[in-house]
Amino acid sequence: MRGFLDVIVVALSVAFGIRALFVQPFKIPTSSMQPTLFGIHYVDEAESQPYRNGVINFFLPLGMSKAELTPGKAGFLREGASPFRRSVADMLSCVLDPLNCYWDASRVAVGDILYTLPGSDVRANIYRYLDFNPEKKFFQEDETVFKGYLSAGDHLFVDRMSIHFLPLERGDVFVFNTENLRGSNGLPLSGYYYIKRLVGLPGDTLKIQNHALYIRPRGETEFKRSDEFSPKFSKIYSGQGGYQGFNPAGLLAEGREYTVPEDHFFALGDNTANSYDSRYWGPVPRENIVGRALNIFWPVSRRWGWVDRLPPLNVPTVTPESTTQPSAMRLQ
């Protein structure tokens, strides 16, 4: 028994050593990098079908939960109760329906009937992916409000090692900690780890015009569009698959330029309409950098595999209302 425990201790030590030195697991926390990387989000069942192959469909119950609402009584949609954890008895339904396996849940009401939905924030994770605000509409009995899945969000490995001998480049997707970073309100950033796209190196001067990022490297006199420095920016300007370009705001508001300080890097989310990034809280110090995003290991989806390798979906980006996401986001 003692020998068995020793083996376990050694195995755990090796695993944690590898994590500390080489790779680190990371979960996408928000929608700021969509559609390159997704946090918890709604996927429409019918609309996403053309973009799901047999392998994705096979593993779908392990990475998504059923998110459907068809009221049995007419009325307006409203929140029912605070988010809660489902009981073990509730989870027994997994035996017959794996897509019903989820711990975190919310209740909503239509008329006077309560319904249970997966996830702890239906507004952020489901409603934002619809073409309308369901809380402002009267629903008839048996009228479908939405029918799809709630994805657990992308889980990936971060390469901690290569940044020590292969310097970060413009266009890289990277992870950093938020130690000593403060927002424009002077308060520390929420969450300890962020993931963004590196868009500015030390000495770069940046500006945004017509939803495109322009860069003037140190010592040069002219700005060039960011996709002239790296093809990784090209899809952001494609107008396809949910990509919308870069929104001017904060330090890069319309008409403003910003020069990145020495030993700092400028970070933007790919979904800048819904991203809290360096435009608001400034550049990332070198010592805060954890590593490059490497590969998505869970769930099995269109994005499974090496990070940032895919072209955008071949569907136009429809710019939504401020409260919703582009319709292409719910396809993947």
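## Enclosed cavities

In this predicted model, the count comes to 2 cavities of 30 Å³ or more. The largest cavity has a volume of about 120 Å³. Its lining is made up of 17 residues, and those that lie nearest the centre of this cavity are Pro 35, Thr 36, Lys 235, Arg 303 and Leu 310. By residue class, the lining of the largest cavity divides into 9 nonpolar, 3 polar and 5 charged.

The second largest cavity holds about 80 Å³ of space. Its lining consists of Val 43, Ser 48, Tyr 51, Arg 52, Ile 56 and Met 64, together with Ser 301, Arg 302, Leu 331 and Gln 332. These lining residues divide into 5 nonpolar, 3 polar and 2 charged.

## Arg 303 and its partner

Arg 303, one of the residues nearest the centre of the largest cavity, also forms a salt bridge with Asp 154, with an N to O distance of 2.8 Å. The pair links distant parts of the chain, 149 residues apart. Arg 303 is in the loop between strand E18 (289-298) and strand E19 (305-306), while Asp 154 is in the loop between strand E8 (146-151) and strand E9 (155-159). Both Arg 303 and Asp 154 are buried.

Arg 170 and Asp 204 form a salt bridge in which the closest N and O atoms are 2.8 Å apart. Arg 170 lies in the loop between E9 and strand E10 (173-177), and Asp 204 lies in the loop between strand E11 (193-200) and strand E12 (205-209), so this pair ties together parts that are 34 residues apart in sequence.

Because buried means under 20% relative accessible area, Arg 170 counts as buried at 17%. Asp 204, at 1% relative accessibility, counts as buried by that cut-off as well.

## A partly exposed pair

Asp 227 forms a salt bridge with Arg 225, and the closest N and O atoms of this pair are 2.7 Å apart. The relative accessibility of Asp 227 is 22%, so Asp 227 counts as partly exposed. Arg 225 counts as partly exposed too, because its relative accessibility is 29%.

## Salt-bridge network and total

Salt bridges that share partners join four residues into one network: Arg 197, Lys 235, Asp 270 and Asp 308. Lys 235 of this network is also among the residues nearest the centre of the largest cavity. For the model as a whole, the count comes to 20 salt bridges.

Notes. Residues numbered from 1 in each chain as written. Predicted model: local features only at pLDDT ≥ 70, side-chain atom pairs only at ≥ 80, totals over all residues. Heavy atoms only, no water. Salt bridge = Lys/Arg side-chain N within 4 Å of Asp/Glu carboxyl O. Helix = DSSP H or I, 4+ residues; strand = E, 2+ residues; numbered from the N terminus. Buried < 20%, exposed > 50% of the residue type's maximum accessible area, 1.4 Å probe, protein only. 1 Å grid on protein atoms, 1.4 Å probe; cavity = no way out; pocket = protein on both sides within 12 Å on 5 of 7 lines; lining within 4 Å. Points joined across faces, edges and corners; volume = space filled by probe spheres on them. Nonpolar A, V, L, I, M, F, W, Y, C, P; charged D, E, K, R; others polar.
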